[in-house]
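Me: I am new to this structure. Please take a close look at the salt bridges, then follow them to the cavities and the helix that they lead to.

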Amino acid sequence: MKYFGLIWRNVWRKKIRTSLTILSVLVAFLLFALLNALGQAMSGGGAMTGAVRLVVIDKVSLINFLPLSHKNKIAQIPGVAVVSQQSWFGGFYQDPKNQFPQFPVVPDEYFALYPEFVMPEEQMEAWKNNRTGAVIGRDLAELYGLKVGDRIPIQSTIFTRKEGGRTWEFDIEGIFDTTDPKGGTALLLFRHDYFAEANTFGDGFVGWYTLRLAEGADPVEVANAIDLQFANSPNETETSTEAAFAASFAKQFGNIALIVTMILGAVFFTLLLVAGNTMSQSVRERIAELAVLKTLGFKDGTVLGIVLTESVLIMAMGGLLGVALGWLAGLAIGSAMAMFVPGGIVVSTEIVLLAVALMIGAGVLAGIFPALKAMRLSIVDALARG
Amino acid sequence: MSEALARLKGVSRVYQKGKERVEVLHELDLMIPNGDFLAIMGPSGSGKTTLLNLLGGLDKPTGGTVTVGGAELSSMSNNQLSKWRSTHVGFVFQFYNLLPVLTAQKNVELPLLLTNFSGKERAERAAIALDIVGLSDRAKHRPRELSGGEEQRVAIARAVVSDPTLLLCDEPTGDLDRETAEEILKLLQILNREHGKTIVMVTHDPQAAEYASRTLHVDKGKLESRAAA
């Protein structure tokens, strides 16, 4: 600690250079924290302990449909309180960039599955009385300025109407809120019976089933029972938690873990070059000063330690700021993507510890060669060079 | 003069420059008594600085022995030499060699970082050293805010702060005007006469050498003695 003052002043010897290096470290660790948290959110959820809802998808792929006839069989399995079907509609509102989840659902069943969604009773009744009716979440209503009574056109990228065209129009009959402070409501729900009737294909099939477990039911036993029920049938199932389902969904966009690893690999390789260059310059421009320290009696190992600590300190300053910003960004993005990542995008303790280890490792790697140069320099030669 | 503080016996220093063998010092013998103020003069490349480096444990002889304060430097490891330097010898350079990122006070405290003194004790001792060189009022200034003479005073304070017996000065007035140089030389005289420091000073300047108690001339790696002024 007694060398800290010396180290701190050396770090800030060139303020602009150090600030820019810290900024590049910050960006790298922001990406590290955020992408890892995103990766965890999309690949996690394997553990079923504590799950209240399970999702049943086709065993081969999420994009394969399941027959509607599975519904009654699932409902009869002990431990299943409510089961209902959903499908990915894949539409947009007015412009392809205005994408949000839309699901054809059975109104009563859906709201029984998700009791955190609340809506006035009269709006529910109005929806149930209008086959082309839809309800939307408060977030979506605020995002596009929609209100009850509006007619909203949704352009589907997947489903064509029997009457022709892919534009589906819905009457907004209700707006629902959520009691879950971490949950988002940027979605549109419309009636499955209307969808099945007006759609050109897929009648009798659904995207997946979501079920709510009965009080005290063991999620593992229920999941196994469902999958066993459909084993060796043409439509085998895979039952998992909602988080695992979200991970399967995300895999449609690509191998998230591999993408994260590749991006971070490139970012950290560049970071090592930037930080290594900073440390090399820093040592090169104070060869005489380092020689003076050694003249005064600083041992080789102490000089090595001082230079390495400078490098780790720069990494730690940028890294900790980056992780903190990543944590904040995770909260914001997680809230906006609550439908896809129900657990939110959380920079976990594990990610923070990994980041700290990486800061130390990258700091040592970036500083080791300049530090060795400092350690090995000959006092006589360095002083003669001035 | 009292007993010997430093003794060089048959000291040679040979450098290998490519295929060429350069003998900078040749079987040199020298005894420096405790309390001496010795000036070493000679032309460029005569071996003055090499001699100073050997006395300060910054370099090792290729032949002979260097003994300072009872310690034989030629047989010490690098780490042993580092530790020895931190307690037994102070260095003053021609271009001061202060750390630009530190204040005068913190520059003077540097050698004390290698001791077990607390931060408060380090600050107190550095303040005393700055007072000895007459720069108490400049303690918070950085080197770039000081004149050349003031920088050299800070360097001298840094050299004496750990109370070494031996001060090695390499052209301490080489970068200063005449008036400032005389102030520095008088300060060195005070350190020698009143504080009992043994001083070895390498210089090109005959007027600077006059402040020493005796002068030795080095030429082609050998010593020749002349009477002190």
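Reply: A salt bridge is a side-chain nitrogen of Lys or Arg within 4 Å of a carboxyl oxygen of Asp or Glu. Over all chains, this rule gives 25 salt bridges.

First, how to read the names and values. The model is predicted, and local features need pLDDT of at least 70, side-chain atom pairs count only at pLDDT 80 or more, while totals for chains, interfaces and linings use all residues. Residues are numbered from 1 along each chain as its sequence is written, chains are lettered from A and ligands numbered from 1 in the order in which they are written, and side-chain values use heavy atoms, with hydrogens and water left out.

Start with A:Glu285 and A:Arg17. They form a salt bridge, and their closest N and O atoms are 2.9 Å apart. The two residues sit 268 residues apart, so this pair links distant parts of the chain. A:Glu285 lies in the loop between H10 and H11 of chain A, and A:Arg17 lies in helix H2 of chain A. Helices here are DSSP runs (H or I, at least four residues), as are strands (E, at least two), and both are numbered from the N terminus.

Are the two partners buried or exposed? The words have cut-offs: buried is under 20% relative accessible area, exposed is over 50%, and partly exposed is in between (1.4 Å probe, protein chains only). A:Glu285 is partly exposed because its relative accessible area is 37%. A:Arg17 is buried because its value is 17%.

Now a pair within one helix. A:Lys128 and A:Glu125 form a salt bridge, with 3.6 Å between the closest N and O atoms. Both are in helix H5 (residues 121-128) of chain A. They are three residues apart, so about one helical turn separates them. An α-helix has 3.6 residues a turn, so residues three or four places apart point the same way. A:Lys128 counts as partly exposed, at 29% relative accessibility. A:Glu125 is partly exposed too, with 35%.

B:Arg178 and B:Asp205 meet through their side chains in a salt bridge of 3.0 Å, N to O. B:Arg178 is partly exposed at 36% relative accessibility, whereas B:Asp205 is buried at 18%. Some salt bridges also share partners: A:Arg131, A:Arg191, A:Asp193 and A:Glu197 are joined in this way into one network.

Back to A:Arg17. This residue is also part of the lining of the largest cavity. A cavity is a set of points on a 1 Å grid, over the protein atoms alone, where a 1.4 Å probe fits but cannot get out, and lining residues have an atom within 4 Å of a point. There are three cavities of 30 Å³ or more. The largest has a volume of about 60 Å³, where volume is the space filled by probe spheres set on the points, joined across faces, edges and corners.

Which residues line the largest cavity? Besides A:Arg17, they are A:Asn10, A:Val11, A:Arg13, A:Lys14, A:Thr18, A:Thr278, A:Met279, A:Ser282, A:Glu310 and A:Ile314. Helices H1 (4-11), H2 (15-43), H10 (256-284) and H12 (300-336) of chain A each give two or more residues. H10(A) gives the most, with three residues. By class, this lining has three nonpolar, four polar and four charged residues.

The second largest cavity holds about 40 Å³ of space. Chain A gives A:Thr295 and A:Leu296 to its lining. Chain B gives B:Arg85, B:Ser86, B:Val89, B:Phe91, B:Pro111, B:Arg158, B:Ala159 and B:Ser162. Two or more residues come from each of helix H11 (287-296) of chain A and helix H2 (78-88), strand E6 (89-92) and helix H5 (148-160) of chain B. This lining divides into five nonpolar, three polar and two charged residues.

H11(A) is mostly covered, as 10 of its 10 residues are buried. Among them are A:Thr295 and A:Leu296, which also line the second largest cavity. A:Glu289 and A:Lys294 are buried as well. After the helix comes A:Gly297, with a positive phi near 120 degrees.

Methods: On a 1 Å grid over the protein atoms alone, a cavity is a set of points where a 1.4 Å probe fits but cannot get out, and a pocket is an open set with protein on both sides within 12 Å along at least five of seven lines; lining residues have an atom within 4 Å of a point. Ala, Val, Leu, Ile, Met, Phe, Trp, Tyr, Cys and Pro count as nonpolar, Asp, Glu, Lys and Arg as charged, and the others, Gly among them, as polar.
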